Structures are given as C-alpha cells and as structure tokens.
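Please look over the sequence and the model shown here before reading on.

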Amino acid sequence: MAEIITWLMVAYFLAVHGIYLMLSLLAAQALYRNQRYREIEALPLSYSLLSPPISVLVPAYNEETTITATVESLLQLAYAEFEVVVINDGSRDQTLQVLIERFGLLPFPEAYRVQIPTQEVRGIYRSPRHPNLRVIDKANGGKADSLNAGINASRYPLFCGVDADSILERDSLQKVVKPFMRSPDMVATGGTIRATNGCDVRGGDLLKIDLPRNRWALFQVMEYLRAFLFGRLGWSSINAMLIISGAFGLFRKETVVSVGGYRPNTIGEDMELIVRLHRVLRERRQAYRIQFIADPVCWTEAPEDWRSLRNQRVRWQRGLAESLSLHWRLMFSRHGGAPGWIAFPFMLLFELLGPILELGGLLFMAWAWWAGFVDWQAFALFMFAALGLGIMLSASGLLLEELGFHLYPRSRHVMRLALVAFAENFGYRQLNTWWRLVGLWQWATGRKSRWGHMVRKGLDPAAR
C-alpha cells in the first residue's frame, strides 16, 4: 500500500511541475513574439494620441501612509488622456484628509450615474491643481464595492484598477492598452507585479531598483517572477488566464458592467471577476480575449512580517476557493474551451486541493521512509519530484526575467535571486502551503472572511 501511495504522490508532483514547465515554454514563446512589437511601442509619445482614454481607479481603505505616493505616481503617467479616481472606502484613519491637504481637494457637486449598486457615496472632490484627479468619499463596503463606485463615476470606456499601495511605471498605461488597440475582442489585460521593497521611491517616482534586505520580501520577489512571467503569461497564450491581479488590470467598462461589475462580499474579487467573465462570455458565445502583458510593471509593497504574509496567503486561498465554487459550471462545460477544460481543472486539483496533497504527501513519505515502508531510492525519487523540480521552476522564472527584461541590473542581484530560487524550497514553500491549507479550511468551514492587518512602511519616505 505504501508503495502505491508513493508512486501516486510522485505522479502528482511530476504532473504539476510538468504542466508548469509547459507553461514556461509557452511563456518563452510569448516573450519572443512580443519582441516584434517593441519597435512599434518605441514610437514617439504622439503615437499614444491614438490610444483610448482610461479611467484609473484607486480603492483606498486606511492607506494614509501610501496613498499620496501612489496618486503622485499616477499623475505622472505618460499617457495622452486619462483620469485618476480615488475611492475612499470609509477609511478610519486620515486617508481622506491626507488627500485633501496634499492635492488641495475641494467638494464638487456632479452627476453620479449608478450603473452598479454600491454603498452610499457621501461626496465627490476635485483638485484645482490637477483637473484629472477626483476623489470619491463613500461609506465602507469593501474593495469590490469601491471599484464599482469608481466604475459608476468613471468617464472613459476603459478603466484600470490599481491598488492604493502601488506605483505604476510611467509608460505602463501605454503598454497595457496595446492589446485593446490590436483587437476589438479584448475585454481585459493585466501587467506584471513587482515588489518595491528595497527600491528607492521619491515623489511617487521609482528612482532605483534594488532587492529587499528583508527575507520575507526577498522570497516574494522570486514568487512574483515565477507567478507572472511563466504562470500567467503561459495561460494567457491559450486565452485561459483565470486571474488578473487587483493591483493592476485594465478592463473594458461596458463588458464588466454587462456581467454585473465586481461581486461584493467576496475576498478574491479580482479572480472572481475574471472567472465570471470567462463563464458568462462563453455562455453568450461572444468572442473575447483576456491577455497578460509582461512589459507594463506595477510596483507594490510586499509584506515584511510573517503575520501580514500569512494573512495575505490565507486570503488568497479563500479567494481562489470562492471563485472556483461560484463558477463551477465553467468546468467541462460545452463551450468552456481552454478555460473550462484545462485551466479550471488545473486550478481545482493543483492550486485549490494542492495544499492537502503536498503537505500530506511530504508527511506520509517522511513517515514511510522512517518506518521502513519505502526504500531510500523511492524516497529520493519523491524528493526530486517534490523539491528538485520546484527549484528548476524557480530557476526558469529567473531565466525568463534575465532574457526578457533584466530589471535587476547588477550581477549580485542575479546571484541573490539564484540562491533564493534554491532556498525557498526548503521551509518557505512548505510554510506557504500550510497557510494555504488554513485558508482552504476556513473557507470549507464557513468562517467569516477577514482581510487582517498588514504592517506597512510606506512606499515613499518623503510622504511619511
């Protein structure tokens, strides 16, 4: 019996890592194809006059330490026509007051069209110094409710959701909008998320890219490389990406409104919306594309203490469970295509149920080897499948980063990331798996969702 379980666990790890390696190859092909567009994207800024206008939505709840750096960064974006709409979601700290003082906001009565129901909007503010900046003050309703209020207030056909603790590179909008200009079927695009920890941010501008000294943040740098550069890029190449990060995503407003906007009272509103778009648009037999673009970068502050990181990973796992359970009809549906027949089953088996199988497999194999039920050759094969291939995946993410972007300029950066790619598989990955298991348990037992508290240092020291 122990031998059968051993081979089943080896097969499981070989399958999950094999699929990720396939995604890595698809991602490499996509990066190669994207090189052809770079000369076009390097045209003078006047080319962007052809770009559709964009509403940038920034939901904010208790973000007094980061909100001004984020807004200043957004106001500096190199784009022909855009507006910044900050939605203060009933913050209990000084978020609204900080915005009023920094940008000279004044109350401004204007028509507010309710396309999606939200909590009460208490006021709208505008900045005389920045005509394209507005702030919506509303009763607390959560991030999804805030985004819906921003959609209601937005003026333009495309909207970009950005977290209040994030900074966009100046040309990010120019790059993330390109798929909409190439295809009329495009409904959503997303960009790469990177950690600002260790970087130098001044006046909302990223001046110097560096790696964090904090070990928790350093591990997350490698996670982001792996998740975005071959995870989402690979799924995007077959139009089966099931998540666009809430920190940076561009959407066609008309399509999002037609499916009901963001779903309130969910803890993973970003993934739930994307899965719902796949399900509803396929049920309608409507042609569409959802694409990941690796070039545009959004920099965000990663947790630097284990409690904040734990809360984040528990929340992510619960969001995954919610999104899949709410739209299980997509899986193996008649018109499900790659999202329903490939991506959804993968997410269910390897991401949602993965923590049970991974931790269970590790504990069982350790016990079986210690008790003498399996020999050392079988145990070594299992450890290679469970850990060795994981190291290879991390290394492939680092390789894609160096070949495609080379954002970290010094050789010492590459060496540190290479060490992290090896070290994260011995302790950190298993700890994350445990946190994911906690999130899965909380969802399965119906415990009430909580965001938890994240300790922030702030993106810009000058704004503190």
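## Two packed helices

Helix α7, spanning residues 215–236, packs against helix α13, spanning residues 376–404, at an angle of about 75°, and their axes are 9 Å apart. Because angles of 65 to 115 degrees count as roughly perpendicular, the helices α7 and α13 are described as roughly perpendicular to each other. The model is a predicted one.

On the α7 side the contact is made by Met-222, Leu-225, Arg-226, Leu-229 and Phe-230, while α13 contributes Leu-393, Ser-394, Ser-396, Gly-397, Leu-398, Leu-400 and Glu-401. Sorted by class, this contact of α7 with α13 has seven nonpolar, three polar and two charged residues.

## The open sheet

Ten strands form an open sheet with mixed pairing, in the order β3-β4-β5-β2-β1-β6-β11-β8-β12-β7. Strands β3 (106–107) and β7 (166–168) stand at the edges with a single partner strand each, so one side of each is left without a neighbour in the sheet.

Within this sheet, strand β8 (residues 186–195) pairs with strand β11 (residues 248–252) in the antiparallel sense over three bridges, and Thr-189 has Leu-250 in β11 as its bridge partner.

## Helices across the strands

Helix α2 (residues 67–75) lies across β1 (54–60), β2 (82–89), β5 (133–138) and β7, and runs at about 165° to β2. Helix α4 lies across β1, β2, β5 and β6 (158–162), running at about 150° to β1.

Asp-145 is found in helix α4, which covers residues 143–153. Asp-145 is buried, with a relative accessible area of 4%, and, leaving aside residues up to four places away in sequence, Asp-145 touches Pro-117, Thr-118, Gln-119 and Lys-138.

Terms used
Residues numbered from 1 in each chain as written. Predicted model: local features only at pLDDT ≥ 70, side-chain atom pairs only at ≥ 80, totals over all residues. Heavy atoms only, no water. Helix = DSSP H or I, 4+ residues; strand = E, 2+ residues; numbered from the N terminus. Buried < 20%, exposed > 50% of the residue type's maximum accessible area, 1.4 Å probe, protein only. Contact = heavy atoms within 4.5 Å. Pairing = 2+ DSSP bridges. Axes fitted to C-alpha atoms, helices over the stretch in contact; angles between N-to-C directions. Parallel < 35°, antiparallel > 145°, perpendicular 65-115°, else oblique. Nonpolar A, V, L, I, M, F, W, Y, C, P; charged D, E, K, R; others polar.
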